[in-house]
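Colleague: I have just opened this structure and would like to learn how to read it step by step. Could you take my questions one at a time?

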Amino acid sequence: MNLTLRVWKQDGPDSAGRLVDYPVTDIDPNASFLEMMDILNEQIMKEGNDPIEFESDCREGICGTCGLVINGQAHGPKRAVATCQLYMRDFHDGQVITVEPWRADSFPVIKDLVVDRAALDRIISAGGYISVRTGPKPDANATPIAKDKADHAFDMAACIGCGACVAACPNASASLFTSAKVSHMALLPQGQVERSRRVKRMVDQMDHEGFGNCSNIGECSAACPKKIPLESIARMKREYLRAVVIPNDAS
Amino acid sequence: MVPLKKALSSSLGKKYLMAVSGIALMGFIVTHLLGNLQLYGDGVAFNVYAKGLHDLGPLLWVAEIGLIGIFLLHVAVAIGLQGRNRGARSSRYVHAQKSKEGPSQMSALSKNMIVTGGVIFIFVVVHVLHMKYGVFSSEAVNAAQVQVKGEDAYDLYGRVVEAFKNPAWVAFYVGVMLFLGGHLRHGFWSAFQSLGALNHRLERPAIAAGAIVAVLLAAGFLGIPIFIFITNQGA
């Protein structure tokens, strides 16, 4: 396959960025998108130029490190995959492919396609944890959890924190990310102790980071490689309302 | 516990305010349409209804002030939300964002609630000046009286008929009602989602109900000027 890659190049957080066209030739349709980027980078480096900076780690769709906006879609055209699980067979020969970074003021560009997603880490630090006394591992099933709740909590825990929800949201809202973690823990007995405080602190932090508001557009869920449903945002709204009426948790 | 004041100023709280005021405004719109359905009749019933409302006196004032308050709250919070949303991505995508479909409700309507809402805001101002204060009506029509149950009353039906004999007013009202339908298409289900009232079972029905509510309300309202325009062709 021969393609034209139109890639966002930006030297640093404060410099102006621009799109640069790169021709890429002779790409195997079964190459992954990131492999294609690697081939392009080798070609660029052979010519003595700076390669395109982008992030990736596991390349098997479970770590949440990679993430590119490809032709206006976070993680590219396919649903329920991260960029690393996207293959060139989903594109056609001769196509012009625009590659941009996650765009949100809360995700400053570090270089080219690499953005700083520490804002998401700070939301987790604010409340996305449970406080437990460490000790021996408890017996299996010592804490009864209904199957449906366990399944649902697991679906919420599937969030890999890639930030595609923010990138895809027209408002750059981090509601899907925050709600996935709030829901995951609100559903489990271990999460009950800090239930009210957690949602309050995580929402506070989310607002403090400067993300936009949720307009219930749902593009976040469509772009999510782990298919976190919109329902989780509704649950976060309920949890927050609950935190308004229910007094402090034991703490 | 989250203090109420703090809760309402958070991003979630502002959406609760939008949802509650939006649902209240939808309640008003339904009542308004039920009253206005009498315009599909000969006008006598409508004038009786108008006089009945007018005779409520201070009660009507309280209701009107409350309604204006809710409306302005909805508008003010919306403007605040919009400012924040625009500011959250000051460097826009070069390639336009494209929906991945599936659960997404991304559309020109859902992304432009501020535009459809803005049109409705302007309409409401014009509409109140037009139908309540007779700013755009002729002096003869503004002075017209009718007998309702043996008492003198203002001929509001006459004002409505005069307006909708004019195709420009018909086009304006019909056009804005399409915007109202568009606003409700996303606004109806969105209100319940913002309050956390939905789950995976209720989400799709709520979205479908939003489409039905939007069509019924828009059609109910925009039929009135068309009906009056057609039935008064010879008059």
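Colleague: What percentage of the 251 residues in chain A do buried residues make up?

Modeller: Keep in mind that this is a predicted model. A residue counts as buried if 20 or more other C-beta atoms lie within 10 Å of its own. In chain A, which has 251 residues, the buried share is 47%.

Colleague: How many helices and strands are there in chain A?

Modeller: To picture the chain, start with its C-alpha trace, which spans about 60 × 40 × 35 Å along its principal axes. Of the contacts in chain A between residues at least 6 apart in sequence, 71% join residues at least 24 apart. As for its elements, chain A has eight helices and seven strands.

Colleague: What distance separates the centres of domain 1 and domain 2 of chain A?

Modeller: The domain assignment of chain A gives domain 1 (3-111) and domain 2 (117-245). Taken over C-alpha atoms, their centres are separated by 28 Å.

Colleague: How many nonpolar, polar and charged residues are on the side of domain 1 of chain A that touches domain 2 of chain A?

Modeller: The contact takes 19 residues from domain 1 of chain A and 18 residues from domain 2 of chain A. Sorted by class, the domain 1 side has ten nonpolar, six polar and three charged residues.

Colleague: Is Asp26(A) buried or exposed?

Modeller: Look for Asp26(A) in the loop between strand S2 (18-24) and helix H1 (33-46) of chain A. Its phi is near 60°, a positive value in a residue other than glycine. Because Asp26(A) has 7 other C-beta atoms within 10 Å, it is exposed.

Colleague: How many other C-beta atoms lie within 10 Å of Lys227(A), which is partly exposed?

Modeller: Lys227(A) sits in the loop between H7 and H8 of chain A. Lys227(A) also has a positive phi in a residue other than glycine, near 50°. Its label is partly exposed because the number of other C-beta atoms within 10 Å is 14.

Colleague: Which element gives the most to the side of chain A that touches chain B?

Modeller: The contact takes 46 residues from chain A and 43 residues from chain B. On the chain A side, the elements that give two or more residues are strand S5 (96-100), helix H6 (195-208), helix H7 (219-223) and helix H8 (231-245). The one that gives the most, with nine residues, is H8(A).

Colleague: How many residues on the side of chain A that touches chain B are nonpolar, polar and charged?

Modeller: Here we stay with the 46 residues that chain A brings to the contact. They divide into 20 nonpolar, 15 polar and eleven charged.

Colleague: Which residues touch Leu195(B), not counting residues up to four places away in sequence?

Modeller: Leu195(B) is in the loop between helix H9 (167-194) and helix H10 (203-231) of chain B. Leu195(B) counts as buried because it has 20 C-beta neighbours inside 10 Å. Leaving out residues up to four places away in sequence, its contacts are Lys237(A), Tyr16(B) and Ala19(B).

Colleague: How many of the nine residues of helix H8 of chain B are buried?

Modeller: The buried residues of H8(B) pack against helix H3 (44-54), helix H6 (113-132), helix H7 (139-143), strand S2 (151-154), H9 and H10 of chain B. Among the buried ones are Leu156(B), Tyr157(B) and Phe164(B). Helix H8 (residues 156-164) is largely enclosed by the rest of the structure because, of its nine residues, the number buried is eight.

Colleague: Are H8(B) and H10(B) roughly parallel or roughly perpendicular to each other?

Modeller: Their axes are 8 Å apart and they pack at an angle of about 80°. The contact is made by Val160(B), Val161(B) and Phe164(B) of H8(B) and by Pro225(B), Ile228(B) and Phe229(B) of H10(B). By class, this contact has six nonpolar, no polar and no charged residues. Angles of 65 to 115 degrees count as roughly perpendicular, so H8(B) and H10(B) are roughly perpendicular.

Methods. Residues numbered from 1 in each chain as written. Chains lettered and ligands numbered in written order. Predicted model: local features only at pLDDT ≥ 70, side-chain atom pairs only at ≥ 80, totals over all residues. Helix = DSSP H or I, 4+ residues; strand = E, 2+ residues; numbered from the N terminus. Buried ≥ 20, exposed ≤ 12 C-beta atoms within 10 Å, placed from the backbone. Contact = placed C-beta atoms within 7 Å. Nonpolar A, V, L, I, M, F, W, Y, C, P; charged D, E, K, R; others polar. Domains from an automatic or database assignment. Axes fitted to C-alpha atoms, helices over the stretch in contact; angles between N-to-C directions. Parallel < 35°, antiparallel > 145°, perpendicular 65-115°, else oblique.
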